Every structure is written in structure tokens, then in C-alpha cells.
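Here's a quick tour of how two chains are put together and where they meet. Have a look at the model first, then read on.

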Amino acid sequence: MELSDHLFRREAGRMVATLTRAFGIHNLALAEDVVQDAFCRALEVWKLRGVPENPSAWLMKTARNRAVDVLRRERTALTFAPDLGRLLQTEWTLANAVADIFDPIGIKDDQLRMMFSCCHPRLSAPAQVMLVLQLVGGFGAREVAGAFVSSPTAVEKRLSRSKKMLAESGVLFDIADAADFALRLPVVQRALYLIFSEGYHGASPHAVIRTDLCRESIRLTRLLAEHPLGAVPSTLALGALMYLDAARLPARLDAWGDLSSLFDQDRSRWDRAMIDEGRAWLERSATGSELSRYHVEAAIAAAHAAATRFEETDWTSIVSLYDTLMQIAPSPVVALNRAIAVAQLRGPQKGLEAIDAVSDRDRLAAYPFYYAARGELELRRRNNAIALEHFATALALARNPVEQRFLKKRIDACAGAI
Amino acid sequence: MGEFIYLYRGGQRSPSPEQSQQIMQKWLAWMKDLTASGNLKDPGQPLELEGKVVKGKAGTVTDGPFAEAKDLVGGFSVVVADDLAHAAKLAGGCPILDVDGSVEVRPVMQMDM
């Protein structure tokens with residue numbers, strides 16, 4: 001039996017969610033221990049005896065046996081999930097209760113419950129994102145740190161603080177309560193959006209980690225969309241946006257592993273199947289009266305995807321979509337992207353004016369692509385010396401070698417033209 | 001040609017799920033190579049880290065072995081190799097070495113000399 005990709009990571013999320021359901025959120029650490037234990041056993045046995053026919057079932061069964069041991073042993077010392085407590089207290093009902101908890105049909109709900117619990121309003125957005133990645137996505141502290149360009153120790157600390165808070169909150173989120181669900185949903189959507197953005201635009205130099213983040217956010221968004229309360233238009237739009245953007249990932253790095261901008265990407269490398277999937281989600285999202293930022297961003301991605309050549313891009317629509325986005329979810333980065341679209345439509349001069357008009361421009365001071373955008377437009381106006389200065393500033397702010405190589409090439413372009 | 005036992009010791013730590021995946025993949029590849037080259041006679045068995053020790057004429061049973069986890073044998077395999085040096089060389093590719101573990105290589109005594 002071959003080992004399927006990311007098997008352990010995927011199972012970690014499922015198992016922690018299910019065990020937390022049995023033990024209660026206050027015993028989160030215990031649930032994580034049981035999962036770790038099951039993985040250690042899997043490693044020891046599989047490495048000599050080979051991967052079993054159904055590795056997921058093997059892992060779940062091992063965790064389940066271990067859970068029963070723990071529940072028996074700790075019955076008097078610990079209290080478990082409040083709604084299951086009585087069933088787990090006596091030998092008469094314990095085995096059946098555990099069997100119900102580990103029912104594969106319930107596992108998706110368990111993961112959703114965990115995802116909603118991780119998005120606790122008392123946690124900051126970055127803390128929520130890290131928790132979702134670790135507890136639902138099965139990412140280790142090292143991988144989370146890799147994604148956020150932070151040290152594993154710092155991430156470990158932050159995660160353990162957040163988990164303590166979660167454990168002390170006492171109850172898992174109740175996904176059956178429609179009113180609570182609707183209230184928490186935007187927070188969950190934002191967390192998924194942030195995971196995706198970190199993968200797509202983030203600073204991690206590791207292409208593998210970034211692709212993983214994009215994949216994971218798509219998986220979790222699908223999970224959310226499979227739940228009747230989660231399948232609202234904004235969730236479908238969020239999924240559409242992810243598919244449509246992720247479709248361009250293969251072309252973002254060129255044949256030499258260098259960053260390639262939308263202007264000169266090899267569009268034949270875009271993933272057509274992903275684009276089709278994204279379009280289907282976008283179509284499904286077009287119901288009801290709510291126009292979320294995800295709808296608009298997905299529509300922008302769809303407009304890019306529709307152009308098989310860069311010259312065919314419908315910049316009129318894109319600028320007007322950015323105008324709408326500025327009304328729903330204004331931010332300096334959105335304003336900057338709008339200015340770039342304006343430059344495509346009405347020339348570099350108008351683009352630069354639009355950049356100058358960005359309010360809160362100082363918030364872009366550490367963002368390399370702010371200076372890169374200015375540089376690009378100055379270069380088009382043949383102000384090569386000024387362009388070069390901007391690219392040099394951008395280069396100093398570049399967050400990884402890929403960005404550095406990209407910006408050095410732009411500097412060469414300026415120098416070559418002087 | 002002779003038979004050798006590999007005793008795998010230590011290598012226990014708490015890898016993240018993704019690291020577990022990588023460790024597992026290396027073991028699968030290593031075992032596959034040993035099988036393909038005809039050197040793996042029996043992949044052997046993993047061993048629980050708990051157990052009992054029975055000792056003395058009275059057969060006293062105690063819990064154990066209480067060695068440090070890093071010194072405990074976690075499993076064994078049976079390989080065939082030209083000689084001890086060859087068996088040791090083959091063990092050099094074992095993924096347990098990546099995680100601070102060790103492989104003890106012991107020749108099996110032959111019946112017909």
C-alpha cells in the first residue's frame with residue numbers, strides 16, 4: 001500500500017476533532033496526546049509491516065481504543081464532554097457512546113465544530129488562523145511558523161496560549177444553533193480567507209508550504225459549504241475566489257522558478273479544471289441579495305481567468321469591480337490594486353494619480369509591491385531613474401529570495417533602458 | 001552469505017503529522033530497496049515498549065525493562081548479507097539514523113559450519 005499525500009496531517013485534524021468531542025474541549029491537550037500516541041504506533045508498526053489496506057480506519061481505530069482506555073482510567077479523575085458525561089461514566093454505555101462518536105458520518109461535523117470553536121471571538125484573527133491550521137488542518141508548529149515567517153518557538157507559545165483559552169472556554173461551539181452559526185460564520189470565513197491569502201500572496205519562500213495553505217483552505221471551505229447552514233452565497237463566493245486564484249498558481253513561477261507577474265504569465269499553464277470549478281461555484285453563489293467582498297474578488301479573478309491573452313483583459317469591468325470592492329471592504333491594498341487596473345485602462349499617469357489618492361498610503365510603507373507598482377508605472381512613463389529608485393526600495397523590503405530575484409530583474413530592466 | 005538481525009533502538013520523539021509522513025515515506029522506500037535487492041529476509045516485528053522481566057530460580061516477575069526509551073529495542077528485521085561489514089553498510093541507509101536512533105547489527109549463529 002502506498003502512503004497517500006498528507007495522510008497524517010489530514011487524519012490529525014479529523015482525529016483531534018472527534019476526540020475533543022468525546023473528551024470535551026477542556027481536555028483538548030488529552031485529545032492531542034491520544035492522536036500523537038496513535039501516530040507513534042502507526043510509525044512503529046507500518047514501517048516494518050507496511051501501510052495497512054485502510055490507513056485512515058487503522059489510525060482512527062487505534063485512537064479509539066486508546067480513547068476508551070483513557071476514558072476508563074480517568075473516569076473518576078476527569079470530567080468529559082458535558083452532554084456525553086453520563087454515557088461515558090458507566091461500562092454499560094461507554095463502548096456504544098464511543099462507537100457513536102467515532103461514526104465516520106459525524107466526523108465532518110466534528111471538524112466543522114472544531115473550526116468554529118477555533119474562531120473564538122476572544123482570539124485575534126492571526127491566533128484563530130493558527131489554531132485552525134493546527135487543530136483542524138493538522139499543521140505542526142514548525143509548519144505554521146514556516147507559513148507565517150515566524151519562529152517555531154514563538155508560534156508554539158502563541159498556540160499554547162490560544163489552546164489554553166479555548167480549553168478554559170469550556171464548551172465546543174454548537175453548530176446546530178442556527179443563530180449562533182450565522183453570527184460566527186463571517187469570522188470562520190475570514191480565517192479561511194486569511195489562510196488562502198497567506199498561501200497565495202504570503203511571504204513564505206517555500207512554494208510547497210504555500211500550495212499546502214491554498215489546498216487546505218479550499219478543503220475547509222468545501223467542508224463548510226457541505227453543511228446546510230454553511231452553504232450560504234458568501235461561502236460559495238469564497239470558494240469560487242479560491243479556485244479561480246489558485247488556478248493561476250502554476251503560472252506564477254516561471255520555468256526558472258522566478259516570480260512571474262500577471263502581465264507576462266504563461267496562461268497556458270493556468271489550471272483549466274480549477275477555473276471551471278471556480279466558475280461553477282461563482283454561479284452557485286449568485287443568489288440572494290448579499291454581495292460580499294468574496295463575490296467581488298471572485299468576479300475579479302473570473303475576469304482575469306476569462307482572458308486567454310493579457311491584451312484581452314476586460315479592464316473596464318475590473319476597475320468597476322474594484323470600485324465596488326472599495327465600497328464594501330476598503331483597504332490600502334485594494335486601493336493599490338485598483339490603481340494598477342486604472343493604469344491598464346487609462347495609462348500610467350492616471351494610475352500614478354490613483355496611487356497618490358490612496359488614503360492610508362503610509363500603511364503600505366513596508367509592502368514591497370507598493371513601490372514595485374510605482375516603479376512599473378514610472379518605467380512605462382520612461383522615468384527610468386525614478387523607477388529604478390522605487391524598485392530599489394522594493395528590493396530592500398523583499399520578503400524572500402523569489403521576490404528579490406523578481407525585483408532585481410525589474411531593476412535590470414530600468415538600467416537597460418536608461 | 002549470512003543472516004543478520006537488525007535491532008532498531010530509539011528514534012522516538014514527537015514529530016508533527018507532516019514529519020511523521022516524511023519519516024514513514026523514508027522507511028517505506030528503504031524497506032522497498034532492501035526487498036528489491038533481495039537482502040530483506042523478514043521485515044520482522046515492532047515491539048511494545050512495555051513488558052515484564054522474569055528472573056531467578058523463583059521466577060520473580062517484575063515490570064520492565066526500565067531502560068531509557070532511547071535505549072529500548074523498538075523492533076527488529078532479518079536481513080541476508082555477504083558478511084557483517086556488508087550488513088552494517090546496508091543498515092547505514094536506515095531512516096532511524098535521521099532521528100537519533102541506532103541499528104544494532106548482529107550475525108545469526110550458523111548451524112552447519
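Two strands count as paired if DSSP finds at least two bridges between them. With that in hand, chain B holds an open sheet of 4 strands in the order β2-β5-β1-β6, with antiparallel pairing. Keep in mind that this is a predicted model: local features need pLDDT of at least 70, side-chain atom pairs count only at pLDDT 80 or more, and totals for chains, interfaces and linings use all residues. As for labels, residues are numbered from 1 along each chain as its sequence is written, while chains are lettered from A and ligands numbered from 1 in the order in which they are written.

**Chain B overall**
- Chain B has 2 helices and 6 strands, where helices (H or I, at least four residues) and strands (E, at least two) are DSSP runs numbered from the N terminus.
- Reading from the N terminus, the elements of chain B go β-α-β-β-β-β-α-β.
- The C-alpha atoms of chain B fill a box of roughly 50 × 45 × 20 Å along the principal axes.
- Of the 113 residues in chain B, 24% are buried, meaning that 20 or more other C-beta atoms, placed from the backbone, lie within 10 Å of the residue's own.
- Take the contacts in chain B between residues at least 6 apart in sequence: 75% of them join residues at least 24 apart. A contact here is two residues whose C-beta atoms, placed from the backbone, lie within 7 Å.

**The sheet in chain B**
- β2 (40-46) and β6 (102-107) of chain B sit at the edges with a single partner strand each, so one side of each has no neighbour in the sheet.
- From one strand to the next, the twist averages 20 degrees. Angles run from 0 to 180 degrees between N-to-C directions, and axes are lines fitted to C-alpha atoms, for helices over the stretch in contact.
- β1 (residues 2-9) and β5 (residues 73-81) of chain B run antiparallel and are joined by 8 bridges; G2(B) stands opposite A81(B) in β5(B).
- A helix from the other chain, α2(A), packs on the sheet and touches β2 and β5 of chain B, with its direction at about 160 degrees to that of β2(B).
- Chain B's own helix α2 (residues 84-91) lies across β1, β5 and β6 of chain B, at about 160 degrees to β6(B).

**Where the chains meet**
- The contact takes 19 residues from chain A and 19 residues from chain B.
- On the chain A side, α1 (7-23), α2 (28-49) and α8 (141-147) each give two or more residues, and α2(A) gives the most, with 9 residues.
- That side of chain A divides into 9 nonpolar, 4 polar and 6 charged residues. Ala, Val, Leu, Ile, Met, Phe, Trp, Tyr, Cys and Pro count as nonpolar, Asp, Glu, Lys and Arg as charged, and the others, Gly among them, as polar.

**Helix packing in chain A**
- The axes of α1(A) and α3 (residues 55-74) of chain A come within 10 Å and cross at roughly 30 degrees.
- Among the residues making this contact are M15(A) and L19(A) of α1(A) and L59(A) and A63(A) of α3(A); the contact has 9 nonpolar, 1 polar and 1 charged residues.
- α12 (residues 233-246) and α15 (residues 293-306) of chain A pack at about 30 degrees, with their axes 8 Å apart.

Methods: A residue is buried if 20 or more other C-beta atoms lie within 10 Å of its own, exposed if 12 or fewer, and partly exposed in between; C-beta atoms are placed from the backbone.
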